[in-house]
Structure formats: C-alpha cells, structure tokens
Amino acid sequence: MAQAAAVAEPPAPPRRRRASATPRRLPYLLIAPAALLMLGFIAYPVLSVFYYSLQNYNPTKPWRNGFAGFGNFTQIFAHDPQFWDTLTFSAKWVVVEVGLQLLLGLALALIVNQTFVGRALGRALVFSPWAVSGVLTSAIWVLLYNSQTGITRYLADAGLGSYGTSWLSDTSTVFPAAVVADLWRGVPFFAILILADLQSVSKDLYEAAEVDGASRIKQFWHITLPHLKDAIVLSTLLRAVWEFNNVDLLYTLTGGGPAGETTTLPLYIANTSVDAHNFGYASALTTVAFVILLFCSIVYLRLSKFGGESK
C-alpha cells in the first residue's frame with residue numbers, strides 16, 4: 001500500500017482561467033457614449049450640408065425645392081462673381097491677420113519670457129484680450145471707432161483729422177480698422193502658445209552659444225526659431241482656419257460693409273442662409289469652403305514638414 005501511494009500520480013496542475021475580454025473592452029465601453037454623442041453632433045451636420053448642397057432648398061419658396069444635382073456648384077463657379085470677391089477678400093484677410101498676429105505674438109512672447117520686475121502682471125495684461133469673446137471685442141472697438149465719442153473725436157480735437165469721421169464707413173480705412181480690432185484679440189493666442197514652447201528650451205544651449213561667441217540674432221535664428229517650428233506651424237494653421245471662418249467680429253463691426261468691402265466667404269454664406277433663406281445654395285458654398293480649407297491645410301502641413309526634425 002505504501003509503495004502504491006509513493007508511486008501515485010502527482011495532482012494535476014490547476015486549470016488556467018481564460019482572461020476575460022471585458023477588462024480589455026472596458027475603456028472603450030466607457031468612452032462609447034461620449035464618442036457616439038460627438039459623432040452625432042459632428043457627422044449629422046456635415047452630412048446634412050453635403051445633402052442640401054445638392055438640393056434647391058428655400059423654406060420661403062417651397063415650390064422651387066427639389067434635387068438640383070451639381071447646379072448649385074455650377075452657379076458658384078460660373079455665375080456668381082460675389083463668390084470670387086468674398087473668397088479673394090477672405091484670403092487677403094487670413095494672410096494679413098495671421099502674419100501680423102504671428103510676428104507680434106512672437107515678439108510679445110520673447111519679451112515676457114525675460115526676467116523683469118512685474119513679469120506676472122505683464123503676462124496677465126498680454127494674455128487677457130484672448131479671454132474676451134468676439135462679439136464683445138467688436139462692441140469695444142465699435143465704441144472706440146465711434147465718430148462722436150471714439151478715437152477720431154480726440155484726434156480731431158488734437159487737429160488730426162476732421163470731426164464726424166468714421167473709419168468703419170470709409171472704404172479706404174475700414175480694412176485696417178478691422179485688422180487692428182482683430183489683432184488686439186488674436187495676438188495673445190500666438191503669445192501664449194509660443195511662450196509655452198519657449199519655456200522648454202534648455203538654457204544650456206544659449207550658454208554654449210554665448211561661449212562660442214554667437215550673437216543674440218544668431219541664437220534666435222539657430223536655437224529659438226528651430227525649436228519653435230512645430231508650435232508656429234500648428235498655431236498658424238489653427239489661426240488661419242479660425243480667421244477664415246471669422247464671422248462674429250466682422251458681422252458686428254462692419255456687417256460686411258461698406259459696399260461689401262469686408263464680406264468674407266463665411267459671412268456671405270451666413271447672409272445667404274439666414275437673410276436670403278437659400279439653404280441649398282449656402283450649403284454648396286459651405287462645401288466649397290470646406291474643400292478649400294482641407295486642401296490648403298494638407299498642402300501647408302506637407303510643405304512645412306510638421307512633426308519632422310528641423311535641420
């Protein structure tokens with residue numbers, strides 16, 4: 001019996017349980033409700049715009065509603081000179097605004113990155129306009145440009161200009177006046193992003209450059225600027241898209257006038273849909289604007305080599 005017990009087979013090892021698939025899927029299950037909501041809020045409007053771009057849809061003229069095919073797009077490119085005028089002004093607006101905002105924002109970021117007395121207060125003053133909404137910004141600058149109580153009144157008191165001058169009503173001054181108003185709000189955006197990236201530049205690089213006799217300009221060109229490349233590319237792309245779609249400031253400040261001088265393509269779309277109730281044609285314009293922005297964004301990222309190593 002003892003020998004039989006000695007030669008008894010060892011107990012079988014415990015069976016390993018299969019790993020449950022639930023823990024692996026749990027993160028996806030948790031974010032699924034939010035993802036579905038975001039998909040619904042984004043996908044439905046986009047698909048609706050694409051659908052209505054192929055329709056004649058005007059609630060005030062229901063007898064004309066129906067399938068239009070590519071008729072709206074033919075009208076845009078072949079028979080709508082206002083489309084080309086607003087697209088040209090939109091490109092001009094984006095280039096001027098983004099270029100000036102980048103230069104001024106970079107300068108401010110370099111200044112507030114230095115050590116000086118009251119730096120915290122200086123940063124707060126520089127960044128504060130970014131917290132103001134577009135409509136409120138417009139209201140502030142409408143008051144500043146008011147011909148009776150604004151800047152022109154005090155300039156006239158000083159002998160510079162005449163009383164009753166309105167920069168927003170003059171075709172020769174409305175564009176620079178609108179540019180200055182949007183600069184006040186847009187420059188802090190670049191200053192914030194560039195300053196955040198400047199904080200990560202190693203001080204050892206500047207110390208080594210000083211030992212080698214590099215001037216401040218060479219340090220900026222060979223150390224600071226290459227380090228800021230991705231931040232500049234991303235911020236300019238985001239700001240260009242936002243400026244292209246800018247409606248609130250120009251609508252409140254000038255209403256697209258005078259004589260359509262400050263009407264951008266998105267503002268033209270808003271007027272077509274809200275005022276003229278031509279939602280089908282406005283959807284076609286929106287589709288064209290979407291394709292233009294998508295194409296320009298892809299080309300810009302490819303040419304700038306965003307995310308690649310700086311040489």
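(Helices here are DSSP runs of H or I with at least four residues, strands are runs of E with at least two, and both are numbered from the N terminus.) The patch covers about 1,100 Å² and is made by Leu 37, Met 38, Phe 41, Ile 42, Val 46, Leu 47, Phe 50, Phe 290, Val 291, Leu 294 and Ile 298. Two helices, α2 (22-52) and α14 (279-304), each supply at least two of its residues.

What counts as a patch? Patches are built from residues with over 30% relative accessible area and no salt bridge; nonpolar side chains (Val, Leu, Ile, Met, Phe, Trp, Tyr) are joined within 5 Å, and like charges within 9 Å. The areas come from the Shrake-Rupley method with a 1.4 Å probe, and for residues only the protein chains shown count as cover.

Take one member, Ile 42, in helix α2. Is Ile 42 buried or exposed? Ile 42 is exposed, at a relative accessible area of 52%. For these words, buried means under 20% relative accessible area, exposed means over 50%, and partly exposed is in between, with a 1.4 Å probe and protein chains only.

Now, a word on what we are looking at. This is a predicted model, where local features need pLDDT of at least 70, side-chain atom pairs count only at pLDDT 80 or more, and totals for chains, interfaces and linings use all residues. Residues are numbered from 1 along each chain as its sequence is written, and side-chain values use heavy atoms, leaving out hydrogens and water.

How confident is the predictor? pLDDT is its confidence in each residue, from 0 to 100. The protein chain has a mean pLDDT of 86, with 91% of residues at 70 or more. Confidence is highest in helix α4 (residues 81-112), at a mean of 94, and lowest in helix α1 (residues 2-6), at 50. Where pLDDT is low, the predicted coordinates should not be read in detail.

Let's zoom out. The chain has 14 helices and two strands. Its radius of gyration is 29 Å, well over the 19 Å that the globule rule gives for 311 residues, so the chain is more spread out than a compact globule. (That radius is taken over C-alpha atoms, and the rule is 2.2 Å times the number of residues to the power 0.38.) Along the principal axes, the C-alpha atoms fill a box of roughly 120 × 75 × 35 Å. Of the 311 residues, 34% count as buried.

Next, the UniProt record. Its unreviewed entry places "transmembrane region" at residues 26-54, 93-112, 124-144 and 279-301. Positions follow the numbering used here, feature names are shortened, and annotations may be inferred rather than shown by experiment. In the model, residues 93-112 are 100% helix and 0% strand, with end C-alpha atoms 28 Å apart. Residues 124-144 are 71% helix and 0% strand, and their end C-alpha atoms lie 22 Å apart. The unreviewed entry also gives "domain: ABC transmembrane type-1" for residues 87-300. Over residues 87-300 the chain is 72% helix and 0% strand, with 18 Å between the end C-alpha atoms.

To count, a side-chain nitrogen of Lys or Arg must be within 4 Å of a carboxyl oxygen of Asp or Glu. Here Arg 239 pairs with Glu 243, with the closest N and O atoms 3.0 Å apart. These two are four residues apart in helix α11 (residues 229-244), which means about one helical turn separates them. Both Arg 239 and Glu 243 are buried.

Ile 76, in helix α3 (residues 71-79), is buried at 0% relative accessibility. Ile 76 and Val 288 are 212 residues apart in sequence, with 9.0 Å between their C-alpha atoms.

Finally, some backbone details. The peptide bond from Gly 257 to Pro 258 is cis, with omega near -5°, and Pro 258 sits in the loop between α12 (248-253) and α13 (265-275). In that loop between α12 and α13 we also find Ala 259, which has a positive phi of about 55° although it is not a glycine. Ala 259 is exposed, at 79% relative accessibility.

Technical notes: pLDDT is the predictor's confidence in each residue, from 0 to 100.
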